[in-house]
Amino acid sequence: MERKQAIRRVGAVILVANVLLVLGKGAVWWTTGSLAVGSEAVNSLADAIYSTIILAGLYLTTKPPDFEHPHGHERIEPFVSLFVAVGVFAAGGAIFWQSITRILDGTFGGTAGTLGVVVLALAGVVKYGLYRYCYDVGRERNSPALVAAGLDNRNDILTAGAALVGVLGAQAGYPILDPLAAMVVSIGIVYTGVEIVRDNVNYLVGAAPPEYLRELIVQRALSHPDVHGAHDVVAHYVGPEIDVSLHIEVEGDMTLAEAHDIETWVVQAIRDIDEVDDVFVHIDPRELGEWKDGPEDERYTPYTPDGSGEK
């Protein structure tokens, strides 16, 4: 419940902030005709639209499990993020094309003046706050959609700075800097889309998690005093969460009830890792020799309180 409320709250904050930025930048664009400010207004409009999509998507992903989705709805999040990326590419491409056209035609935008400088500077401050808020909560709550939104806001800081340079250059008597700044903004927007795609493709194709997480999983399995080894460890992403399967070695003369208790303990120990969803453990009698004694399991130090694992 806490994760659901936190994610939905962030989505609402993003939407409100982007709507306010659209109104501010749009008003300056309408009154001055500055292409740099106009490109930023389009960028914020795209952000507002995508924020609405993100908010709707986060509402779906935070719904509780049901009969048709027994593992919950979190696996929708990478698709929400990729939808955001498509819109980001479209917005960046449109602004880039408009900038090139203006430069070739020599029809530069107007001068935004002091009001444009104030609006763009304020936008940079707001975007920095949104970046830290979205990114931190996204990492804490394991939400790829919020992380994607955070990266988008981080790059918006750079695009706002580029637009500000264009506005100041136009005021100084170099009007070509206005469409050039808009072009830089468009490149930053496209780069944001690339980052979002790169970060979410692994969630969709079932890639392996980072090595430190795999080491942590093995450490948790080996931390039970009656587990003498582990092998066939497979961990992969299913949406933003990780499914794990592995074999553990125990004494062959244990009773079924004793072996079951060990399995339950290991499953819970691994499931307590925030990124892990499902855990499947197979128990092998160590006398079968499936586990090849050697230094492999000794590469891992005991689990430390900070969650790190070392070889």
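Buried, in this briefing, means under 20% relative accessible area. What follows is a quick tour of a predicted model. The protein chain has 311 residues, and 47% of them count as buried. Its secondary structure comes to eight helices and three strands.

**Overall layout**

- Reading from the N terminus, the elements go α-α-α-α-α-α-α-β-β-α-β.
- Take the contacts in the protein chain between residues at least 6 apart in sequence: 75% of those join residues at least 24 apart.

**A17 in helix α1**

- You'll find A17 in helix α1, which covers residues 2-32.
- Skip the neighbours within four places in sequence, and A17 is in contact with V126 and L130.
- S51 sits 34 residues along the chain from A17, and the two C-alpha atoms are separated by 9.7 Å.

- G87 has a relative accessible area of 10%, so it goes down as buried.
- From G87 to D47 it's 40 residues in sequence, with 8.9 Å in space from C-alpha to C-alpha.
- V80 is buried as well, with a relative accessible area of 9%.
- V80 and N200 are 120 residues apart in sequence, yet their C-alpha atoms are 9.7 Å apart in space.

**The three-stranded sheet**

- The three strands make an open sheet in the order β1-β2-β3, and the pairing is mixed.
- β1 and β3 are the edge strands, each pairing on one side only.
- From one strand to the next, the twist averages 10°.
- β1 (residues 229-238) pairs with β2 in the antiparallel sense, over eight bridges.
- Within that pairing, V234 stands opposite S245 in β2, and G229 stands opposite E249 in β2.
- β1 and β2 form a hairpin with two residues between them. One to check in the turn is G239, which has a positive phi of about 70°.
- On the β3 side, β2 and β3 (residues 276-285) run parallel and are joined by eight bridges.
- How much of β2 is covered? Mostly: of the 10 residues in β2 (residues 241-250), eight are buried.

- D232 is a residue other than glycine with a positive phi, near 50°.
- D232 belongs to strand β1.
- Is D232 buried, partly exposed or exposed? Its relative accessible area is 48%, so D232 is partly exposed. For reference, exposed would take over 50%.

**Helix α7 against helix α8**

- As background, two packed helices are described by the angle between their axes and the distance between the axes.
- Here, α7 (residues 211-222) and α8 (residues 256-271) pack at an angle of about 150°, with axes 9 Å apart.
- Angles over 145 degrees count as roughly antiparallel, so α7 is roughly antiparallel to α8.
- The crossing of α7 past α8 is right-handed.
- On the α7 side, the contact is made by I217, R220 and A221; on the α8 side, by W265, V266, A269 and I270.
- Which kinds of residue make up the contact of α7 with α8? They divide into six nonpolar, no polar and one charged.

**Helix α7 against the sheet**

- α7 also lies across β1 and β2.
- Relative to β1, α7 runs at about 135°.

Technical notes: Residues are numbered from 1 along each chain as its sequence is written. This is a predicted model: local features need pLDDT of at least 70, side-chain atom pairs count only at pLDDT 80 or more; totals for chains, interfaces and linings use all residues. Side-chain values use heavy atoms; hydrogens and water are left out. Axes are lines fitted to C-alpha atoms, for helices over the stretch in contact, and angles run from 0 to 180 degrees between N-to-C directions. Helices (H or I, at least four residues) and strands (E, at least two) are DSSP runs, numbered from the N terminus. Angles under 35 degrees count as roughly parallel, over 145 as roughly antiparallel, 65 to 115 as roughly perpendicular and the rest as oblique. A crossing is left-handed if the near helix is turned anticlockwise from the far one by less than a right angle, and right-handed if clockwise. Contact means heavy atoms within 4.5 Å. Ala, Val, Leu, Ile, Met, Phe, Trp, Tyr, Cys and Pro count as nonpolar, Asp, Glu, Lys and Arg as charged, and the others, Gly among them, as polar. Buried means under 20% relative accessible area, exposed over 50%, partly exposed in between (1.4 Å probe, protein chains only). Two strands pair if DSSP finds at least two bridges between them.
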